[in-house]
Amino acid sequence: MSAQMPFRVAVSAWVEMWFTTAYDRDHNEYKEGGSGVALKWEQLAKDLARTCASLPAGALLPSVKQLIAEGRGSRTTVGEAFNELTRRGLVKGIPGKGYVVLPRRQSKILLTRHGGSGIGPFGLDGDGRLVFISQTFREPLAGVAVKLALPEDDLQVLERLHHCTRTEDGEGDVEGQVILIQHSWYPAAVANAVGLDDDTSPEAALAVLGAAGLVNSASERVGFRPAADDEAETLGLGPAQPVVQIERLLVDKAGRRVALSRLVAPAERTEIIYSDLNVLSASGNG
């Protein structure tokens, strides 16, 4: 028994060394040059980021297999590099195609006021096309119910979802890329009273509510947070990449909350513009 111990120790040491070496090879590949240098996947990510900067949006990057064949690293190393680029919003992986460069120009969200207390619609500065996704009557999440001050005996709302997708503009943008998510919630009684349906865009819904005398004022809240998993997937973002969230609450003359809209867009690729502000009325001088 004792004679076998050295052999077992040797085998155990060899197995431990093999796994450690494999881990180091796959996860911690270093560039030549001594201690303290960047991990190999980090350096590859930097190189690919420079490549992205030299290519138009929509261009394909070298494939994982190609980079491995060129000796740029193992499959894990290359995968980590692409994960980093995805997290930073530089590329998007498309099944069956590869990684494409995402647009670097910002999308401009226009928030407008039209005289006095008139509320202008959310808008995009010619950047994209609004696409209807879904509409349903349902009981909303608790946070939405609280913001709309819904009574406990009537929690039904009309929930509508739209995406704004990128349009091809000659700059090589990825056509069809979702650049903004818009949710809207209306108390069921309000939605039924004004007749909102699938064909009513968010802008048209605002006009319908205004025509019915249901829009007197609005409050808006702008914040930044990590993207939820479903938002990151829709917007082509990496895990926990920051998004900007804009919420607008519409109130009628009686103080009743008649609509809540929420826009979510990539924080690093979005510019928020407030225009047509009635400064004199707001300051009490006009």
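Just after helix α7, Gly 213 takes a positive phi of about 75°, where helices (H or I, at least four residues) and strands (E, at least two) are DSSP runs numbered from the N terminus. This is a predicted model, in which local features need pLDDT of at least 70 and side-chain atom pairs count only at pLDDT 80 or more, while totals for chains, interfaces and linings use all residues. Residues are numbered from 1 along each chain as its sequence is written, and side-chain values use heavy atoms, with hydrogens and water left out.

**Overall make-up**

- The protein contains 9 helices and 11 strands, and 37% of its 286 residues are buried, a term that stands for under 20% relative accessible area, with exposed meaning over 50% and partly exposed in between (1.4 Å probe, protein chains only).
- Among the contacts with a separation of 6 or more, 63% are accounted for by residues 24 or more positions apart, a contact being heavy atoms within 4.5 Å.
- The accessible surface of the protein comes to about 15500 Å², and carbon and sulfur atoms hold 54% of that surface; the areas come from the Shrake-Rupley method with a 1.4 Å probe, and for residues only the protein chains shown count as cover.

**Nonpolar cores**

- In soluble globular proteins, nonpolar side chains tend to be buried together.
- The largest nonpolar core has 14 residues, of which Leu 48, Leu 61, Phe 82 and Leu 85 touch the most other members; such a core is a set of buried Ala, Val, Leu, Ile, Met, Phe, Trp, Tyr and Cys residues joined through side-chain atoms within 4.5 Å.
- Helices α2 (40-54) and α4 (75-87) each supply at least two residues of this core, and α2 gives the most to it, with 5 residues.
- Leaving aside neighbours within four places in sequence, Phe 82 is in contact with Leu 48, Leu 61, Pro 62, Val 64, Leu 67, Val 91 and Tyr 99.
- A second, separate core of 13 residues includes Leu 196, Leu 214, Leu 250 and Ala 259.

- Within helix α7 (residues 202-211), Pro 202, Ala 205, Leu 206 and Leu 209 are buried.
- These four cover an arc of only 100° around the axis, which puts them on the same side of α7, the arc being that of the directions from the helix axis to the C-beta atoms.
- Leu 161 belongs to strand β6 (residues 157-166) and is buried, with a relative accessible area of 15%.
- Although 41 residues separate Leu 161 from Pro 202 in sequence, the two are 9.5 Å apart in space, C-alpha to C-alpha.
- Not counting residues up to four places away in sequence, Leu 161 touches Val 131, Phe 132, Ile 133, Ser 134, Ile 181, Gln 182 and His 183.

**Salt bridges**

- Side chains of opposite charge can pair when their charged atoms come close.
- The structure holds 8 salt bridges, each defined as a side-chain nitrogen of Lys or Arg within 4 Å of a carboxyl oxygen of Asp or Glu.
- Asp 47 and Arg 50 meet in one of them through their side chains (2.4 Å, N to O), and both residues lie in helix α2, 3 residues apart, about one turn of the helix.
- Asp 47 is partly exposed at 22% relative accessibility, whereas Arg 50 is exposed, with a relative accessible area of 52%.
- Arg 72 also forms a salt bridge with Asp 47, the closest N and O atoms being 3.1 Å apart.
- Because Arg 72 lies in the loop between α3 (64-69) and α4 while Asp 47 lies in helix α2, the pair ties together parts that are 25 residues apart in sequence; Arg 72 counts as partly exposed at 27% relative accessibility.
- The side chains of Glu 159 and Arg 138 meet in a further salt bridge (3.5 Å, N to O), and this pair links distant parts of the chain, with Glu 159 in strand β6 and Arg 138 in strand β5 (residues 128-138), 21 residues apart.
- Glu 159 counts as buried at 15% relative accessibility, while Arg 138 is partly exposed at 33%.
- Salt bridges that share partners join Asp 47, Arg 50 and Arg 72 into one network.

**Cysteines**

- The structure holds 0 disulfides, a disulfide being a pair of cysteine sulfur atoms within 2.5 Å.
- Cys 52 is buried, with a relative accessible area of 3%, and Cys 164 counts as buried at 1% relative accessibility.
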